[in-house]
Amino acid sequence: MKTPDEFGHYNQSLGPTDQFGDLPEIAPEIKNIGWTLGNDCPYRCTHCYSMNARVKGRDMSVSMIDRVVEQLAANNVETVNLGGNEPIFTNGPKARDTLLPYIMKKLHEENIEIGLTTSGVTLLHLARDYPEAFELLNDIDISFDSPYEQEHNKNRGANIYHQAIEAMEICQRVGKPHSAIMCGMSWNFSKRHLTDLVALAKVYDANVRINTIKPVQSDHMKVALTPRQYYDGFSTLLALCDPIDLGEPPIASITDFHGARRCPCGRTSFRIHSITPDGKIQVSPCVYLHDYKSEFDLLKFDLIDIIASEQFRAFRQRNANPDQVHGCDGCKRLEKCGGGCAARSYLHKFHTEGERCLKARDPYCPERTYAGQEYPRNPELIDDQKLVHMDYLCTWIGRPK
């Protein structure tokens, strides 16, 4: 049962939008977005970032889907990742009630590339029950909380490791680009875990994608990475993998990556959240920062107006003016790091100091917390695949060597 405070983001935008005053913003170039489809999921992952952003009570409808897809097409969106919860459950806990194949069909008709993030079960349903929809997928991210079955199942609250493995097997068999994705936490970001995760991915011809945990809830701080774990872990990954996307700003800085783009949120990407109990579909610049949901309902307001809203503008101002991030002015790494991940910076500041501040500096600031771990210099990215998570989220993607 959620407490009343956890519903606050449904009724108001809590994140400050005036901290950068009249400073200029970087121009939006929205290309890659995520869409949380429903309000149901049979699993209870301890690190879930969308649980407090979705409440049961409303289902999707064909007219809602048509409206959302029409708005995406009108704004030249190129890729959509379907995730946030298990995407098959668009309309409650019964997979037979799903509207996922219809959503995929409408996106495909608009020439929008479709990605899927799943624990495995959604992909298994599509491959078995909706093969025509399955064929429309561009690429698939399959979630692993650990490369070890018992740990994975414990964190998921269900015995589903075998589903993730079966999903990997299907992707390998049919030649769909796919990644083993893991949320980096203090208990699973060790050299042993990462080495075995990469080995697992290699068996199934998969990429590896890492999101470090963003503490959407205060309890997440208990499993947040220390700076030492953060830099040790990515050093291990870059020794074992060739990079596909260096979307983690501090890592792009440490490697002196010439293609660094800073945080993408509100610039090239945003998140469509699941339908609210009162029938709204809201949008935020970042999947993790529910505080910055635009007050405009996508079912009633045009997407171009949402992108121009003060919530989105604040993110683009942060990107364009990283010298305004506290402690970053004059830093030699500023151009590539840009103050780091906006969501991680904001959430760590809030949970450690109680302040909502978009000017907060990344807790893994490379100038202050990097301890000299070994990293390649200006690595070349593998570019033989277009994946929906490239330049969407502050994320890292690599391919096992």
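Of the 401 residues of the protein chain, 60% count as buried, where buried means under 20% relative accessible area, exposed means over 50%, and partly exposed covers what lies in between (1.4 Å probe, protein chains only). The model is predicted, so to speak of local features a pLDDT of at least 70 is needed, side-chain atom pairs count only at pLDDT 80 or more, and totals for chains, interfaces and linings use all residues. Residues are numbered from 1 along each chain as its sequence is written, and side-chain values use heavy atoms, with hydrogens and water left out.

The accessible surface of the protein chain comes to about 15600 Å², and 47% of this belongs to carbon and sulfur atoms; the areas come from the Shrake-Rupley method with a 1.4 Å probe, and for residues only the protein chains shown count as cover. For 401 residues, a compact globule would have a radius of gyration near 21 Å, and the 20 Å of the protein chain agrees with this. That radius is taken over C-alpha atoms, and the globule rule is 2.2 Å times the number of residues to the power 0.38. The C-alpha trace spans about 55 × 45 × 40 Å along its principal axes.

The protein chain holds 15 helices and 10 strands, counted as DSSP runs (H or I, at least four residues, for helices; E, at least two, for strands) and numbered from the N terminus. Among contacts between residues at least 6 apart in sequence, 75% join residues at least 24 apart, a contact being heavy atoms within 4.5 Å.

Now to the interior. In soluble globular proteins, nonpolar side chains tend to be buried together. A nonpolar core is here a set of buried Ala, Val, Leu, Ile, Met, Phe, Trp, Tyr and Cys residues joined through side-chain atoms within 4.5 Å. The largest such core has 77 residues, and Trp 35, Leu 72, Leu 82, Phe 144, Ile 210, Phe 270 and Ile 272 touch the most other members. Helix α7 (residues 161-174) gives the most to this core, with 7 residues. A second, separate core of 20 residues includes Cys 286, Tyr 288, Leu 289 and Phe 315.

Leaving aside residues up to four places away in sequence, Leu 72 touches Ile 33, Val 77, Val 80, Leu 107, Ile 112, Phe 270, Ile 272 and Leu 303. Its C-alpha atom is separated by 9.5 Å from that of Ile 304, 232 residues apart along the chain.

Gly 83, in strand β2, counts as buried at 1% relative accessibility. With residues up to four places away in sequence not counted, Gly 83 touches Trp 35, Thr 36, Leu 37, Thr 117 and Arg 271. By contrast, Arg 96 sits in the loop between β2 (79-83) and α3 (100-109) and counts as exposed at 65% relative accessibility.

Helix α12 (residues 310-320) has 8 of its 11 residues buried, so it is largely enclosed by the rest of the structure. Those buried residues are Gln 311, Phe 312, Ala 314, Phe 315, Arg 316, Gln 317, Arg 318 and Asn 319. Their cover includes β8 (269-272), β9 (283-284), α11 (303-307) and α14 (342-353).
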